[in-house]
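Take a look at the sequence and the 3D structure below. Then use this briefing to find your way around.

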Amino acid sequence: MDEEKIYNEACRAVEGYWANVPNWHWAGQDVDSMIPPAFPIHGAAAANH
Amino acid sequence: MKTAIEGGWVVAFGKEGHEVFQNGTVVYENDRVVHAGGEFAGEVDARIDARGMLVSPGFINTHIHPVGNGGDYLLMDNIKNDYRTANYLSFSAPLKGKFAPPAPENMAALRLFVLLHALRHGSTTIIDVGGFPGEWETYARQIESVGLRVYAGPAFRDRNTFTDEQGRIYYEENAEAGRQGLEKAAAFIREFDGAADGLLRGIMLPAQVETCTEPLLRAAKEQAQKLDVPVHTHAGGNLLEFQRILQEYRKTPIAFLADIGFLDSRTLLGHAVFTTAHPWTLYPFGDDLRLLAESGATVGHCPYKYVKMAIILRSLEQYLQAGIPMAIGTDSYPMDMVSEMRWASMLAKVADGNYQAGRPRDVFNAATLGGCGFLARDELGRLAPGSKADIVMIRLEHMGTGAFRDPIKALVEYGAGRDVDTVIVNGKTLIKRRGHQLGRGKNLQ
């Protein structure tokens, strides 16, 4: 099995899920306001692959 | 073909339970163990070098949501700025009509990742406790390809949870959805129980004690008995649920389930944290632990998920002393049973203020034997002649672990799922030197 491919596809699937959160959250919050990152993150948003 | 695993610390199963053999041997032929313990005098066809490793029965992870745990762990995370849906009082609920499940291809991608992730971290059997509906044929093919044992089924409920535009949680009954859900669950079990070369087995999944009415819970248990499959529900999982059940039935969730006949030796309860034993319930009546013990139901304990919310079981030691069968699950990310055992062990000590609580013996038993009772599978969770060849080899003798006398203690106190080196399920090597082997020959890509 191509584990890198499986991991990357799972990450892409999850990012789509996270991007959709404001659509169903009662206050329209996005993930980063619901769960603020530990430190400011500079550069590409949420990209770990 | 007979294969011998030699040179490692073997956790064999004897008359009294697990016992460890230094420089031991496990021999398996096809899908069964033929020897586990000291030296094997017979002929073998192949040998696996296990020097420096623990050779253990594979772990039974009693709580995974294959789509959710692959992605939404972040939403259930410990610092979530939403008190009412932070999984402390309740769980996340969307605006009605606004939530769309992930596309089938995304669900499939997450499921495949989760199956492989769980396997790599030492689980050889997982209990999929439900979540998003999926394409079951694809799921069965994925299970066959990855090679993991999975108990699964479509979860169902007849009360949905939503939040309104002011963020208030409410429940909406839908009896027809519950009835159809139960029918689909039974149909799934009839069609898929035993699929994927016996790796996929059915389990009845009424979702949560407060999202299923009493008639649905009774009907689910009855169907599970007719189909001879285990049943799981989430109960004692959060304080809102505890209070809702108390308000509706004037009983705790555990007492309510006991009274309607839902609890027996084929029942697995997810969490069972908020019981009469937990001080936060402030409920001075009855004895949920006695009810659980008398019923024979198993509690699937997920310590890491709960400690992320500053909640601990009160306590593992009390539950064991009461005679409750205890198993371990993850219900979060990572699906690392080795780390989960450590959390269970350490938090048991904190819960009771007793450094002798949470013994490595008890958490290891929970992660192996604990999952066998409600599954009625006494050929899992142990290495003994006749047991299934579900074997995990875990690296122990390295810089990260150091010197040790007791490998079980070393595993629980210093080990990690990333130390898993080799995973064998049903006699097939699926993970070897940390890389997945194409176990079944079906290329999904």
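Predicted model: local features only at pLDDT ≥ 70, side-chain atom pairs only at ≥ 80, totals over all residues.

Residues are numbered from 1 along each chain as its sequence is written, chains are lettered from A and ligands numbered from 1 in the order in which they are written, and side-chain values use heavy atoms, with hydrogens and water left out.

**Chain A**
- Chain A has three helices and zero strands. Helices (H or I, at least four residues) and strands (E, at least two) are DSSP runs, numbered from the N terminus.
- Of the 49 residues in chain A, 29% are buried. Buried means under 20% relative accessible area, with a 1.4 Å probe and protein chains only.

**Helices α4(B) and α5(B)**
- Helix α4 (residues 175–192) of chain B and helix α5 (residues 214–227) of chain B have axes that come within 11 Å and cross at roughly 15 degrees. Axes are lines fitted to C-alpha atoms, for helices over the stretch in contact, and angles run from 0 to 180 degrees between N-to-C directions.
- That angle makes α4(B) roughly parallel to α5(B), a term for angles under 35 degrees.
- On the α4(B) side, the contact (heavy atoms within 4.5 Å) is made by G178(B), L182(B), A186(B), I189(B) and R190(B). On the α5(B) side, L216(B), A219(B), A220(B), Q223(B) and L227(B) take part.

**Helices α3(B) and α4(B)**
- Helix α3 (residues 136–146) of chain B packs with α4(B) at an angle of about 40 degrees, and their axes are 12 Å apart.
- That makes α3(B) oblique to α4(B). Oblique covers the angles left over once under 35 degrees (roughly parallel), over 145 (roughly antiparallel) and 65 to 115 (roughly perpendicular) are taken out.
- W136(B), E137(B) and A140(B) of α3(B) meet F188(B), E191(B) and F192(B) of α4(B).

**Helix α6(B)**
- Helix α6 (residues 239–249) of chain B has these buried residues: L239(B), L240(B), E241(B), F242(B), I245(B), L246(B) and Y249(B).
- Their cover includes β10 (169–173), α5, β12 (231–235) and α7 (253–259) of chain B.
- At the start of α6(B), a side-chain oxygen of N238(B) reaches to within 3.1 Å of the backbone nitrogen of L240(B).
- R250(B) follows α6(B), and its phi is positive, near 60 degrees.

**S345(B)**
- S345(B) lies in helix α11 (residues 337–352) of chain B.
- S345(B) is buried, at 1% relative accessible area.
- Leaving aside neighbours within four places in sequence, S345(B) is in contact with A357(B), G358(B), V363(B) and V412(B).

Methods: Buried < 20%, exposed > 50% of the residue type's maximum accessible area, 1.4 Å probe, protein only. Polar contact = N/O pair within 3.5 Å; in protein donor to acceptor, adjacent residues only side chain to side chain.
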